[in-house]
Amino acid sequence: MNKKTGLLLTAAAFAVHAGLAQAVVPSGCGPWYSPGGGFAVQSNLSEDTCEYELTYLNAMTPGKPIDLVFAGAPGVTYLFTTFPVNTIWNQTPDDWDDYHFELGTGFNENFRNFGGAAGTPIFVDPSGGTVFQSANLGNHALAFFNGVVPNGVGQNGNGVDFAVSVQVPQGFTQPTFTLRQHYSVQAPEPATLALLGLGLAGLAAAGRRRRD
């Protein structure tokens, strides 16, 4: 396998959520279709390398997942990648501190992580990403961190690229698996929150003095 057909399609499932996410552009993934709306699209994998592009728009919030549902063949290791010409774009108001992938079944509110179950697809050899320098690899969870993707509101967006491999075991009998992904931001440090509280208290006191 590993052919390059140049297939270029847009996942219309994201278009109904204007302002949140758009433009999954696959190559080597087979035709996309919506398995039931929400933030999910499904593809029958036609090759062992699936290239895609994803843009998070300015109304997207941290932790809101995007579910890509795939029908693959047992015994194949698939590479999901935004290299070399596609990218995951940040057009949100947030600076991304981490980026997360999960493997499971179902989509949207019915998604269930495989949770360490034997005989299910697993992450192998995260060959890396740009921007983030570190990764925590588990069988069904993969987190990239130690880097920042700056917010891109009012711009074309700031990008990050990934190459993530998923091994489908010979004994896997379910018709599909789900590659879930989302970004996250760091919670403010306690000292930062304390300073913010002091600043708000100062503004309130100044307002009272003006009224008096």
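Colleague: OK, what's the mean pLDDT of the protein?

Modeller: The mean is 79, and 73% of the residues reach 70 or more; pLDDT is the predictor's confidence in each residue, from 0 to 100. Over residues 1-18 the pLDDT is below 50, and this stretch has 44 contacts in the model beyond near neighbours in sequence (contact means heavy atoms within 4.5 Å). Where pLDDT is low, the predicted coordinates should not be read in detail.

Colleague: Which residues touch the most other members of the largest nonpolar core?

Modeller: Phe80, Tyr99, Phe101 and Phe177 do, in a core of 37 residues. Strands that each supply at least two residues of this core include strand 7 (77-81), strand 9 (98-105) and strand 16 (177-184). By nonpolar core I mean a set of buried Ala, Val, Leu, Ile, Met, Phe, Trp, Tyr and Cys residues joined through side-chain atoms within 4.5 Å. In soluble globular proteins, nonpolar side chains tend to be buried together.

Colleague: Switching topic: which cysteines does the disulfide join?

Modeller: Cys29 and Cys50, with S to S at 2.0 Å; the cut-off for a disulfide is a pair of cysteine sulfur atoms within 2.5 Å. Cys29 sits in the loop between strand 1 (21-22) and strand 2 (32-33) and Cys50 in strand 4 (residues 49-51), so the pair ties together parts 21 residues apart in sequence.

Colleague: Why is that disulfide right-handed?

Modeller: Because the torsion about the S-S bond of Cys29 and Cys50 is about 95°. Cys29 is buried at a relative accessible area of 0%, and Cys50 is buried at 1%.

Colleague: Now Thr178. What does its side chain reach?

Modeller: The side chain of Thr178 reaches the backbone oxygen of Gly106 at 2.6 Å. Thr178 is in strand 16 and counts as buried because its relative accessibility is 0%. Leaving aside neighbours within four places in sequence, its contacts include Asp67, Glu102 and Phe111.

Colleague: Where does Phe111 lie?

Modeller: Phe111 is in the loop between strand 9 and strand 10, and it is buried, with a relative accessible area of 8%. Phe111 and Asp67 are 44 residues apart in sequence, with 8.5 Å from C-alpha to C-alpha. Not counting residues up to four places away in sequence, Phe111 touches Thr178 and Arg180, among others.

Colleague: What about the loop between strand 15 and strand 16, is Gln170 there buried or exposed?

Modeller: Gln170 is exposed, with a relative accessible area of 65%. Phe172, in the loop between strand 15 and strand 16, counts as buried at 8% relative accessibility. From Ala73, the C-alpha separation is 8.3 Å for Gln170, 97 residues apart in sequence, and 8.6 Å for Phe172, 99 residues apart along the chain. Pro74 is one of the contacts of Gln170, and Phe172 is in contact with Pro74 too.

Colleague: Last one: what's the phi of Asn108?

Modeller: It's positive, about 55°, although Asn108 is not a glycine. Asn146 also has a positive phi, near 65°, and is partly exposed at 46% relative accessible area. Most residues other than glycine have a negative phi. Asn108 lies in the loop between strand 9 and strand 10 (112-113), and Asn146 in the loop between strand 13 and strand 14 (158-160).

Technical notes
Residues numbered from 1 in each chain as written. Predicted model: local features only at pLDDT ≥ 70, side-chain atom pairs only at ≥ 80, totals over all residues. Heavy atoms only, no water. Helix = DSSP H or I, 4+ residues; strand = E, 2+ residues; numbered from the N terminus. Buried < 20%, exposed > 50% of the residue type's maximum accessible area, 1.4 Å probe, protein only. Polar contact = N/O pair within 3.5 Å; in protein donor to acceptor, adjacent residues only side chain to side chain.
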